[in-house]
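Trainee: I would like to learn how to read a structure. Can you take me through a case?

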Amino acid sequence: AAGGPGVAGRGSGTRWGRHPDLMRMRVLNVGRGDCTVSATPEDADGDRKVLIVDAGETSMEGNEARDVVEPYLRRRLDDGPAGRPQVKVDYFVATHYHKDHIGWPREGKDTGFFYLYDTPGVKIDKVLDSGLDYDASGGLDVVYAEWAEARDMPREALAFDQLGEGRQIDLGPDIWVEVLAVGARVDGMDDRVLKPQWLSTTSQNDFSIALVVHFKQFDFFVAGDLSGYFHKSWGNYYHNIEGAMSDSLRDLEVLRVSHHGSQWSTNYPFLQRTRPQVSVISCGKGHHHPNEYTVRRLLGWENHWTGWPTGSDVYQTEMKDGFLFEGPEPYTGRTQRVANGHIVIETDGVNGFSVWYEELGEPVVYPLDKRDAYTDVPDKILARRAGEDGDLPDVIEADEIDITTLIEIYDEPRGD
């Protein structure tokens, strides 16, 4: 990943001008939940396509979809008739079935995605998810499936191949959504990387969808609560799915940090393969997110080949009970900033990208990597799809180690 930040300039975008040639990624401040909204550059008719990844709730008392997400979408993306605004969302991706990522269908008090799907102010054209063919720990997967069936909701499990005419997500020219993991499967494998007997005791996090939005030379990663370590938490198991999809990982500009900055995601090898310039965390009160270990990894990772301290700048939506690194990281010079609000990333895919939030004033501008745009999956993935590569990834599972050697770091979950 290239260089460090600079000052605002052309190609980075500033606040809310039209800027028809820019792509915008908005990480909304939904407390302990998660919601990322991507809007493409305008087409010839002045329309933008919209992709939303997750829309969760903070707690049973909150409805961020109603109070934050829908009003924000109407202000920024309203394309309905005058006097009756309606936001058109082309694609909604549910990375996995946890309420902080999709909400909950409570009778008369739906939250998250369930609220957005039924509210007249939002029209969602296509819903993509990690599938209904598994029953992991947590229970919301069953609730989601029953809810979708009762409404006869048109939904599809997200496929890996998103190139060509049959792709499920079409965001227009120069934009490609690369899918790296779906439902504990990685690209080029027919089976899950987890053994069937362990599905019911595996956290929903491991089934998160991982994808990269490519816009020309700009690359943006988001993966729900994807796990990067083998760990037991709240009676459920996490597995290193980040490692299992390592053959798909390449340099990128912006990392949407998985699992709200948990210490059990975003492992060191993952960072050395993706080398993000900027890492963005959505977090709120509870679980002590972001975790100190994760923040230090993000700020201070070293280049795998040269050992040079590189790191990434960290931006997060808010700070309640997590870790805050005071001052620049001494070796990389990277910083951690708290937005206390929404975080906006803008790019023209050629000249650079910017990060902005209301308290910041002028956006911070970053250069793009000096390389050609990605236009297909890595060669190793192509070979695996063709059956020419038998070296398939694996993960450590509970039957392969002595469970009694697992150390519970805290009596109560802290920093999970």
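This is a predicted model: local features need pLDDT of at least 70, side-chain atom pairs count only at pLDDT 80 or more; totals for chains, interfaces and linings use all residues.

Trainee: What is the order of the strands in the open sheet of 8 strands?

Mentor: Start with the general idea. Strands of a sheet pair through backbone hydrogen bonds, either parallel or antiparallel. Here the order is β8-β7-β9-β10-β13-β14-β15-β16, and the pairing is mixed. β8 (185-186) and β16 (336-338) each have a single partner strand, so one side of each lacks a neighbour in the sheet.

Trainee: In which sense do β14 and β15 pair?

Mentor: Strands β14 (residues 278-281) and β15 (residues 313-316) are parallel, over 4 bridges. I281 has Q316 in β15 as its bridge partner.

Trainee: How many aromatic pairs does the structure hold?

Mentor: A pair of aromatic rings is described by the distance of the centres and the angle of the planes. The structure holds 18 such pairs. Take F218 and F353: their centres are 5.5 Å apart and their planes at 55°, so this pair is tilted. F218 is in strand β10 and F353 in strand β18, 135 residues apart. F353 also pairs with Y366, and that pair is stacked, with 5.1 Å between centres and 10° between planes.

Trainee: Is F353 buried or exposed?

Mentor: F353 is buried, at 0% relative accessibility. Y366 is buried too, at 1%.

Trainee: Which side chain makes a polar contact with that of E70?

Mentor: The side chain of T119 does, at 3.4 Å. E70 lies in helix α1 (residues 64-77). E70 counts as buried because its relative accessible area is 6%.

How values were computed:
Residues are numbered from 1 along each chain as its sequence is written. Side-chain values use heavy atoms; hydrogens and water are left out. Two strands pair if DSSP finds at least two bridges between them. Helices (H or I, at least four residues) and strands (E, at least two) are DSSP runs, numbered from the N terminus. Buried means under 20% relative accessible area, exposed over 50%, partly exposed in between (1.4 Å probe, protein chains only). A polar contact is a pair of N or O atoms within 3.5 Å; within protein, one must be able to donate a hydrogen and the other to accept it, and residues adjacent in sequence count only if both atoms are side-chain atoms. Rings of Phe, Tyr and Trp (its six-membered ring) pair if their centres lie within 6.5 Å; planes under 30 degrees apart count as stacked, over 60 as edge-to-face and the rest as tilted.
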